[in-house]
Amino acid sequence: LLLIRHGQSLGNAGLSEDPDCALSPLGSDQGHAAGLIVAAHELDGFVGIVSPYRRARETAACITAATKIPFVVDELVREWAFSGPATVNGVLYPLETVESLVERLGFFLRVHRGAKLLIVSHAGPIAVLTQLAWGETPNPHAGVLNATPRWLKVTATRGAG
C-alpha cells in the first residue's frame, strides 16, 4: 500500500468550512511534490484509489500528472465524518463512530488484500488503514502529514480480518 493524505486544503488553512473544499495553493504545490516523489519509485501494477472529496481528487490529479497512474473514486476511503454529516457530489455521508470507520476500512483491506494500491485519502482513514495493516489498535486521531507518502509492505493482518 502507498498512502498519501491530500495536500493542504482551504479548510486546513482556515479559509473554508465546506467539507468538500478545494486545495489551497500550498496544497496544490504539495500534491505536485508528492507526485514527483512517488514517480521516482517502481509503480508497476499499482492501482490508484481516491476519496470522493475534492481535495483528495485534486491531489490525485497532481499525482497522475507525474506518474500517469489513473485514479478511481472509492467511497470506502472517504473522509471520516466524525464532526457531522457531509454532502459530497450529491451524496450524504452520515456521522460516523470510530467503530464504523474501522469496520469500513477493514472491509476495504479485505476486498483489496494483496493488491498494490496507491491511495489518496484523509488523515483519519490513513491512520486507521496503517494501524489495521500493521495489526495495531486503530486510532483515527494519530497524526498524518499532508501530501507525505507512506509505504506499507503489509496489506492486511489480523486487525483487518
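**View 1. Asparagine 89 in a loop of the predicted model.** Asparagine 89 counts as exposed, at 55% relative accessibility, in a structure that is a predicted model throughout these views. The residue is found in the loop between β4 (86–88) and β5 (91–93), and has a positive phi of about 50 degrees although it is not a glycine.

**View 2. Lysine 68 in the loop between α2 and β3.**

**View 3. The stacked pair of tyrosine 53 and tyrosine 93.** A search of the whole structure finds 2 aromatic pairs, and in one of them the rings of tyrosine 53 and tyrosine 93 are stacked, at 6.2 Å centre to centre and with 25 degrees between the planes. The partners are 40 residues apart and link distant parts of the chain, since tyrosine 53 lies in the loop between β2 (47–50) and α2, whereas tyrosine 93 belongs to strand β5. Both tyrosine 53 and tyrosine 93 are buried.

**View 4. The tilted pair of tryptophan 80 and phenylalanine 82.** These two rings are 4.7 Å apart centre to centre, with 40 degrees between the planes. Tryptophan 80 is buried, with a relative accessible area of 7%, while phenylalanine 82, at 47% relative accessibility, counts as partly exposed.

**View 5. The largest nonpolar core, with leucine 129 among its members.** In soluble globular proteins, nonpolar side chains tend to be buried together. Here the largest nonpolar core has 19 residues, of which Leu1, Leu3, Phe108, Ile119 and Leu129 touch the most other members. At least two residues of this core are supplied by each of α3 (98–111), β6 (117–121) and α4 (123–133), and the largest share, 6 residues, comes from α4. Leaving aside its neighbours within four places in sequence, leucine 129 is in contact with Leu3, Leu105, Phe108, Leu109, Ile119 and Leu152. A second, separate core has 15 residues, including Ile4, Val38, Ala60 and Ala147.

Conventions. Residues are numbered from 1 along each chain as its sequence is written. This is a predicted model: local features need pLDDT of at least 70, side-chain atom pairs count only at pLDDT 80 or more; totals for chains, interfaces and linings use all residues. Side-chain values use heavy atoms; hydrogens and water are left out. A nonpolar core is a set of buried Ala, Val, Leu, Ile, Met, Phe, Trp, Tyr and Cys residues joined through side-chain atoms within 4.5 Å. Buried means under 20% relative accessible area, exposed over 50%, partly exposed in between (1.4 Å probe, protein chains only). Helices (H or I, at least four residues) and strands (E, at least two) are DSSP runs, numbered from the N terminus. Contact means heavy atoms within 4.5 Å. Rings of Phe, Tyr and Trp (its six-membered ring) pair if their centres lie within 6.5 Å; planes under 30 degrees apart count as stacked, over 60 as edge-to-face and the rest as tilted.
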